[in-house]
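Hi,

Here is the structure I promised to hand over. Have a look at it first, and my notes follow below.

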Amino acid sequence: MCHITQRSSTFSFPKICSVFWRFHHTSTSHWCSCSKTISDEKYQDPFQLGRKDLKNLYEDIKKELLVSAAELKEMCDYYFDGKGKAFRPMIVVLMARACNIHHNNSKEVQASQRSVAIIAEMIHTASLVHDDVIDDANSRRGKRTLNQIWGERKAVLAGDFILSAASVALARIGNTTIISVLTQVIEDLVRGEFLQLGSKENENERFAHYLEKTFKKTASLIANSCKAVSILGCPDPKVHEIAYQYGKNVGIAFQLIDDVLDFTSCADHLGKPTAADLKLGLATGPVLFACRQFPEMNAMIMRRFSKPGDVERAWKYVLQSDGVQQTTYLAQRYCHAATREIRKLRPSPEREALVHLTEMVLMRDK
């Protein structure tokens with residue numbers, strides 16, 4: 001396993017070119033089928049285990065969004081319709097239980113830990129609203145985006161309001177350490193968006209740039225939310241680090257697979273247009289790996305696929321290359337790292353569910 005996990009949220013990428021491009025030459029026989037990842041463990045369905053603690057999740061979020069203006073209320077409630085997978089809150093409550101059991105065999109989720117799950121979903125949704133404005137997106141989760149219905153200005157304000165309500169809920173927990181951990185997520189989201197607006201000419205720096213952006217925009221929320229509930233449930237700093245590293249590795253793997261699905265899943269199934277990243281001028285993992293086989297893509301990356309025909313040509317190059325396969329292998333490595341981390345905790349159904357979750361991340365198709 002290459003050293004792709006770091007203690008802090010700041011990434012360092014020594015000799016990144018040799019690390020990542022080595023995947024291009026790795027035999028596929030080296031990789032086990034992800035369906036066998038937990039063949040020796042009792043199957044634990046993460047969503048079944050987390051269901052009890054997530055009951056009335058969206059109703060509780062809407063209570064945090066109490067507002068008198070009818071239009072703003074309708075906008076804020078738009079994505080909290082109960083139809084989402086609640087992926088992030090589910091990880092958070094499972095991590096809370098796993099850490100509580102590890103510490104003192106407590107099988108209950110504390111109210112403050114559940115609040116972290118609610119706050120994580122609110123921050124995530126606010127970031128989606130803002131992302132859709134920046135990207136001028138017209139669909140999200142299979143329906144029209146806020147900015148398409150109400151316009152960009154009102155969508156930005158709705159995202160801001162959701163974020164402010166999350167901040168109020170965070171302050172209510174009354175723990176300065178937790179406030180510090182979760183406000184880091186908001187800073188990372190902003191920094192990640194700025195990273196996405198730029199690109200690197202140097203090939204080595206480009207992949208490091210991509211992974212750092214991936215961490216800040218996607219994985220930081222999961223990593224720091226997991227860390228927050230571990231702090232609330234257990235005083236051991238080693239457990240806090242385990243929770244953080246698990247969340248970080250799963251979060252990066254989740255986004256890598258998301259980038260793969262942009263090339264392999266149909267738009268109706270994905271709930272948003274495919275090739276969306278290329279159309280936004282973004283070079284994700286499949287593109288960067290494909291660039292090794294088709295160097296002519298470098299010029300397209302630097303001009304952010306802005307010339308007529310760039311998006312179509314890049315799409316074909318990716319599908320003709322092993323970029324999708326190599327990005328999936330990289331996601332597997334991050335999932336394996338997450339599994340190693342969580343297995344350091346005392347055995348519990350929640351721990352095994354978190355192990356199984358890494359498999360679900362690799363196998364998801366939307």
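This is a predicted model: local features need pLDDT of at least 70, side-chain atom pairs count only at pLDDT 80 or more; totals for chains, interfaces and linings use all residues.

Helices here are DSSP runs of H or I with at least four residues, and strands are E runs of at least two, numbered from the N terminus. With that in hand, Arg-304 sits in the loop between α15 (297-302) and α16 (310-320).

Residues are numbered from 1 along each chain as its sequence is written, and side-chain values use heavy atoms, with hydrogens and water left out.

Arg-304 has a positive phi, near 55°, and is not a glycine. For context, most residues other than glycine have a negative phi. Arg-304 counts as partly exposed, at 25% relative accessibility; buried means under 20% relative accessible area, exposed over 50%, and partly exposed in between (1.4 Å probe, protein chains only).

Ala-86 is another non-glycine with a positive phi, about 55°. You'll find Ala-86 in the loop between α4 and α5, and at 10% relative accessibility Ala-86 counts as buried.

As for α4 (residues 70-77), its buried residues are Met-75, Cys-76 and Asp-77. Among the elements covering them are α3 (57-64), α7 (146-150) and α8 (152-173).

Now the helix pair I'd look at. How are α2 and α5 packed? Helix α2 (residues 46-54) meets helix α5 (residues 87-104) at an angle of about 90°, and their axes are 9 Å apart. Axes are lines fitted to C-alpha atoms, for helices over the stretch in contact, and angles run from 0 to 180 degrees between N-to-C directions. That makes α2 roughly perpendicular to α5 (65 to 115 degrees; under 35 is roughly parallel, over 145 roughly antiparallel, the rest oblique). On the α2 side the contact (heavy atoms within 4.5 Å) includes Pro-46, Phe-47 and Leu-49, and on the α5 side it includes Met-90, Val-93 and Arg-97.

Last, the cysteines. There are zero disulfides in the structure, a disulfide being a pair of cysteine sulfur atoms within 2.5 Å. For Cys-226, the nearest cysteine sulfur is that of Cys-99, 8.0 Å away. Cys-226 is buried, at 0% relative accessible area. The sulfur of Cys-234 is too far for a bond, because the closest cysteine sulfur, in Cys-99, is 6.6 Å away. Cys-234 is buried as well, with a relative accessible area of 4%.

Cheers
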